[in-house]
Amino acid sequence: MKHILTVFIFTAFLISCNSSDKTKTTTQEASSTEATAESTSKDINKNLKPIETDEDLVATALMAAPEKSRLTSKVIGYNMAGEFVTLKEGDNEFIVLADDPTKDGFNAACYHKNLEPFMARGRALRAEGKSAEEIFAIREEEMKSGKLKITPGSTLHIYYGPNTMYDPETAAVDGAQLRYVTYIPWATSETIGIPEAPTAPNHPWLMNAGTHRAHIMLSPLPKDKG
């Protein structure tokens with residue numbers, strides 16, 4: 001009887017030790033996983049820096065341009081001193097408008113140089129204090145009279161997002177993505193066969209139909225949702 005009791009106690013002790021070791025190992029593994037995740041997160045965040053110099057403005061703005069054209073694209077926009085200047089000279093067909101550092105979030109745009117008169121007119125009217133509605137009406141009349149022109153098919157590449165931190169190694173802005181605007185003045189759904197409202201994510205649709213600013217909108221899904 002005493003022998004049986006001894007065996008029972010010894011067996012219970014072994015089970016207790018194994019359970020304790022397993023719990024300890026599981027806890028250590030969980031702690032190790034959490035530490036690794038935290039370390040990785042810190043490493044990722046460590047790569048990001050704020051946009052705080054003119055060089056940062058240029059690097060991030062060029063993400064709006066097609067990759068093969070970035071080195072030779074012209075970049076314009078507000079510098080860190082608040083002046084509208086040419087931030088980088090270029091000699092190809094693209095003009096890139098840098099993010100305005102005084103505004104929340106990030107928004108840079110790239111467009112063909114034949115759109116510059118239209119874009120410049122909008123900037124000049126805004127500088128005069130004109131509202132968005134007034135600018136629309138003025139440019140509408142100037143397009144009708146032939147004073148302003150937009151080549152059908154001219155495309156605006158917009159690189160935008162809610163954050164202003166970026167990776168200096170890649171120039172990618174945290175959380176930013178691309179959207180495309182293709183201008184087709186005076187187009188309607190009936191003339192080009194594209195709906196005037198989005199039918200699903202990632203599908204093209206026509207905005208400002210029938211006006212000088214009629215354009216096809218296309219917003220590709222972010223990479224993690226594509």
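## Contacts, helices and selected residues in a predicted chain

Among the contacts in the chain between residues at least 6 apart in sequence, 48% join residues that are at least 24 apart. The model is predicted, and its secondary structure comes to 5 helices and 10 strands. Of the 226 residues in the chain, 31% are buried, while the chain exposes about 14000 Å², of which carbon and sulfur atoms supply 57%.

### Helices α3 and α4

Two packed helices are described by the angle between their axes and by the distance between those axes. In this chain, helix α3, which covers residues 116-127, and helix α4, which covers residues 132-145, have axes that come within 10 Å and cross at roughly 140 degrees. That angle makes α3 oblique to α4, because angles over 145 degrees would be needed for the pair to count as roughly antiparallel. The crossing in which α3 passes α4 is right-handed.

Which residues bring the two helices into contact? From α3 come F118, M119, R121, G122, L125 and R126, and these meet I135, I138, R139 and E142 in α4. Sorted by class, this contact of α3 with α4 has 5 nonpolar, 1 polar and 4 charged residues.

Strand β7, residues 165-166, holds Y166. Is Y166 buried or exposed? Y166 is buried, because its relative accessible area is 4% and the limit for a buried residue is under 20%. Leaving aside its neighbours within four places in sequence, Y166 is in contact with N47, L48, K49, P50, I51, D56 and T60, and also with A171, A172, V173 and D174.

N163 has its place in the loop between β6, residues 155-161, and β7. With a relative accessible area of 28%, N163 is partly exposed. When neighbours within four places in sequence are left aside, the residues in contact with N163 are G105, F106, V173, D174 and G175.

### D54 in helix α2

D54 lies in helix α2, which covers residues 54-61, and at 28% relative accessibility D54 counts as partly exposed. Apart from neighbours within four places in sequence, D54 is in contact with N79, M80 and L87.

| Pair | Separation along the chain | C-alpha distance |
|---|---|---|
| D54 and N79 | 25 residues | 5.8 Å |
| N163 and V173 | 10 residues | 7.3 Å |
| Y166 and A176 | 10 residues | 9.4 Å |

### Two loop residues with positive phi

W186 lies in the loop between β8, residues 177-183, and α5, residues 189-192. The phi angle of W186 is near 70 degrees, which is a positive value in a residue other than glycine. W186 is partly exposed, with a relative accessible area of 34%.

Where does N208 lie? N208 is in the loop between β9, residues 205-207, and β10, residues 215-218. Its phi is near 55 degrees, again a positive value in a residue other than glycine, and at 25% relative accessibility N208 counts as partly exposed.

Definitions and conventions
Residues numbered from 1 in each chain as written. Predicted model: local features only at pLDDT ≥ 70, side-chain atom pairs only at ≥ 80, totals over all residues. Heavy atoms only, no water. Axes fitted to C-alpha atoms, helices over the stretch in contact; angles between N-to-C directions. Helix = DSSP H or I, 4+ residues; strand = E, 2+ residues; numbered from the N terminus. Parallel < 35°, antiparallel > 145°, perpendicular 65-115°, else oblique. Left-handed = near helix turned anticlockwise from the far one by under 90°. Contact = heavy atoms within 4.5 Å. Nonpolar A, V, L, I, M, F, W, Y, C, P; charged D, E, K, R; others polar. Buried < 20%, exposed > 50% of the residue type's maximum accessible area, 1.4 Å probe, protein only. Areas by Shrake-Rupley, 256 points an atom, 1.4 Å probe, with all protein chains shown as cover.
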